[in-house]
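Dear colleague,

I am passing on the structure that follows, together with some notes on what was found in it. Please read the notes with the structure open beside you.

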Amino acid sequence: MTDYDAIVIGAGNAGLTAAATLQRAGARTLLLERHNIPGGCGTSFRRGRFEFEVALHQLSGVGVEGQPISLREGLFQQLGIADKLEFVQEHDLYRAVIPGQLDLTLPADWDAAIDAIEAEFPGNRDRTAKFFELLKQVTFWQIAAMRGMPVEQIDPVLFEYGLRPLKDVLDEHFDDDRIKAALGMYWTYLGQPPSKLRFQDLALTLFAYFEFKPWHVRGGSQAMSTAILDTFLAAGGEVRFNTGVAAILTAGGRVLGVRLDDGTEVTAPDVVSNASLPTTYGMLEGIDVPAAVREDLATRRIGVSGFVLHMGLDATPAELGFTTSTTFVNRDADDDRTYDAWRSFEPARGICVSSYDVAPIGFAPSGATHVSLMTLQYADIWKNVAPSEYARTKFAYAETLLDLCETITPGIRDAIEEVDVATPLTMMRYLGHPGGAIYGYDQDATEGWLFRDSERRTYVPGLHLAGSWAGIGGFQPTLEAGARVARRLLRTKAA
């Protein structure tokens, strides 16, 4: 007899939902996490009188009460946590700013967004409506294809537009570069510039936020991670924190269990890994990495990481001039140059500003606010920074984010009470991801459901993959992925 029916490695989003789904279905499950808290990216930390959200900027897919096909009515209900979480709705998608060129706030409503664009750029109502209709159609048929609808039944609109670069589709619909910039701002959520990003990816992202609204969780992503862990424990699951996995054990060509960092061996016929693919396959012991896996991994590139400036400010959002929870500020509309700058210490060219107290999540004291500034950056340049220069380098680069932020909030430096800075090396340390990658592999045209099947096939019986490295990055996709992998495992066992 084995020690457990399943072992889950890593208590990130996908690891948590996989473990909870398995345990609530009656599978004896052990959850292993090398950190001392659950959540991975979904955590928070304290500095002074502030609590800082680590990574969640906007949660897509929550939906309003009673809205079908939503996290609220689907996954969160299935896990028994829907009534344990207090959701905070953001009524705008974002404010898009290019100093001196663009300052447009997009409401989180299809018609209101069309009105906002028409008010700022008269004569573009019909163009915007046509673009939004295309976005809806491509998303509908993409979801149908992902769920297995036969190709002959798919509307040709998906094949005509889905894999085209976002830039081409925007160019087809609009003449004004400012509108293109405003509607394409979510490209940084996906890690690829409009010239490379597949239109279907931006369509799915915009649809998720327009249709199901942008949300946050009171208490931050840590509250969500804790709620999922609690439902896992209430169902009888076991978790071990401060516990790393040294090896995934195999025998007779299939998974046997794991060996922990302290040498303890724990057995189970199924192991779900929320770790990166290079880490997961590197832990295999007693079996060679299958040739198909080696060939697949050889064609993939480690994705982008992030640089984040967390600030506790002794001023209210109104006093600082924040009108939306999320603001994108770019130096100009040259997205390709901004993308290229992620591989250098060139001053930040684009930032995502999250003001967590426009729609308060409860992390800042009265009269104050919690703000984060984030830009994307690859880790390679940080690996060459000498330890003696690390602090100076990270704070010098942080100043460039503040410079850009001050174009919308002059004097924000004067309000700083607490500050912390996370670099790609910080992401590497806490997430354990190669390159500190926050989306897994580079989300280019060769990644995703159409070209990869990493989540379904490991070529090692008993080994299952869940998380951004085996699919789409981001909070909603990884939360859903863990539960999906667990349900598939359960169906296989029941067959």
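Predicted model: local features only at pLDDT ≥ 70, side-chain atom pairs only at ≥ 80, totals over all residues.

Residues are numbered from 1 along each chain as its sequence is written, and side-chain values use heavy atoms, with hydrogens and water left out.

T188 lies in helix α8, residues 187-190 (helices are DSSP runs of H or I with at least four residues, numbered from the N terminus). Not counting residues up to four places away in sequence, T188 touches F328, W342, L376 and Y439, where contact means heavy atoms within 4.5 Å.

The protein chain is divided into domain 1 (6-47 + 60-87 + 219-300 + 445-494), domain 2 (109-210) and domain 3 (304-431), with bounds that come from an automatic or database domain assignment. Eleven residues of domain 2 are in contact with ten residues of domain 3, and about 990 Å² is buried between these two domains, 67% of it from carbon and sulfur atoms. On the domain 2 side, M185, W187 and T188 lose the most area to domain 3, together 44% of what that side buries (buried area is the accessible area, with a 1.4 Å probe, that two parts lose on being put together, summed over both).

Helix α4 (residues 125-146) and helix α9 (residues 199-212) pack at an angle of about 100 degrees, with their axes 8 Å apart; axes are lines fitted to C-alpha atoms, for helices over the stretch in contact, and angles run from 0 to 180 degrees between N-to-C directions. That makes α4 roughly perpendicular to α9, a term that covers 65 to 115 degrees.

Finally, Y390 has its place in helix α16, residues 387-405, and the side chain of Y390 makes a polar contact with the side chain of T423 at 2.7 Å (a pair of N or O atoms within 3.5 Å, one able to donate a hydrogen and the other to accept it).

With best wishes

Methods. Helix = DSSP H or I, 4+ residues; strand = E, 2+ residues; numbered from the N terminus. Parallel < 35°, antiparallel > 145°, perpendicular 65-115°, else oblique.
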